[in-house]
Every structure is written in C-alpha cells, then in structure tokens.
Amino acid sequence: RLNFAQSEDPARSADSNLSMERRSEFFSLTYNFMLGQGLRELVAFVTPQCAHVLSDLTVKSRLDANSLTSVLNRIRSRVEGDVGGRSLLRFVICQQSAATDVR
C-alpha cells in the first residue's frame, strides 16, 4: 500500500511534513485553477471546435450511434490535436502550480 506521507528515501524522510504541505499547496492550486480559470478557458476552447464539426450535420436526419460516435471522435480529434489528451493539461494545471516544487 502506497503512503504518500512516507518517503522511500531516508534523506527525504526528515522533511516529510514540509513535503505534505507542498503537496497540499500544489493540489489546492490545481483544484482552484481547474474549477475557475481552467474550466472557463476549456469551454472557450472546445466550443468553437464543436461548432465547426456540428456545422456539417443536418438536423433533418436521424443520428444513429455510429454517426454520433464519428461526430464525437471528430470533435475529440480537433480538441486534442496531434498530442492527444496532453493538450488538455493546460486547463488543469496552472503555471504557478506547475512551477511548485512538491518534493
């Protein structure tokens, strides 16, 4: 069982309290960013991608499961680009918390 409060490295065990404080700070910054600015930026980024893909659809025809899957995959491809889900990390972790040393 993994316990984040304990360090495998004996040299780091003395500062485990500081380490937990730094981890808490990192997670707090990430959580606050993700639910605030990150979410707003994500919506602003994804909305035009969806609009572009959905502009090709006609509302007069029935959308079956295969067509829906195709539409969702096209949206996902436009949002993720060539790097996949890693491109979405900028909406989860702010630069301030990314620079925080959690060791």
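Predicted model: local features only at pLDDT ≥ 70, side-chain atom pairs only at ≥ 80, totals over all residues.
**Entry 1: a pair inside α3**

I noted the general idea beside it: side chains of opposite charge can pair when their charged atoms come close.

Is E80 buried or exposed? I found E80 buried, with a relative accessible area of 16%. The cut-off for buried is under 20%, so 16% qualifies. R76 counts as exposed, at 51% relative accessibility. The cut-off for exposed is over 50%, so R76 passes it.

**Entry 2: the helix around that pair**

Next I checked the helix itself. Helix α3 covers residues 65-80. I tested its length. At 1.5 Å a residue, the 16 residues of α3 should span 22 Å. The C-alpha atoms at its ends are 22 Å apart, which agrees.

Which residues of α3 are buried? I listed V71, I75, V79 and E80. They cover an arc of only 155° around the axis, which puts them on the same side of α3.

Then I looked at what follows the helix. G81 comes after α3, and its phi is positive, near 65°.

**Entry 3: the other salt bridges**

How many salt bridges does a search of the whole structure find? It finds three.

R74 forms a salt bridge with D56. Their closest N and O atoms are 2.9 Å apart. R74 lies in helix α3, while D56 is in the loop between α2 and α3. The pair therefore ties together parts that are 18 residues apart in sequence. I checked the cover on both residues. R74 counts as partly exposed, at 34% relative accessibility. D56 counts as exposed, at 53%.

R22 and E25 also meet through their side chains in a salt bridge, at 3.3 Å from N to O. Both are in helix α2, which runs over residues 16-54. They are three residues apart there, so about one helical turn lies between them. R22 is partly exposed, with a relative accessible area of 27%. E25 is partly exposed too, with 35%.

**Entry 4: a nonpolar patch**

I turned to the surface. Which residues form a nonpolar patch there? I found L54, L57, L63, L68 and L72. Together they have about 410 Å² of accessible area.

I followed one of them, L72. Its place is in helix α3. L72 is partly exposed, with a relative accessible area of 48%. The cut-off for exposed is over 50%, so L72 does not count as exposed.

**Entry 5: the whole chain**

Last, I stepped back to the protein chain. I counted four helices and zero strands. Read along the sequence, the pattern is α-α-α-α.

I looked up burial for the chain. It has 103 residues, and 18% of them count as buried. The accessible surface comes to about 8,100 Å². Carbon and sulfur atoms account for 56% of that surface.

I finished with contacts. I took those between residues at least 6 apart in sequence. Of these, 69% join residues at least 24 apart.

Key: Residues numbered from 1 in each chain as written. Heavy atoms only, no water. Patch = residues over 30% accessible without salt bridge, like charges linked within 9 Å, V, L, I, M, F, W, Y side chains within 5 Å. Areas by Shrake-Rupley, 256 points an atom, 1.4 Å probe, with all protein chains shown as cover. Salt bridge = Lys/Arg side-chain N within 4 Å of Asp/Glu carboxyl O. Helix = DSSP H or I, 4+ residues; strand = E, 2+ residues; numbered from the N terminus. Buried < 20%, exposed > 50% of the residue type's maximum accessible area, 1.4 Å probe, protein only. Contact = heavy atoms within 4.5 Å. Expected span 1.5 Å × (residues − 1). Arc of directions from axis to C-beta.
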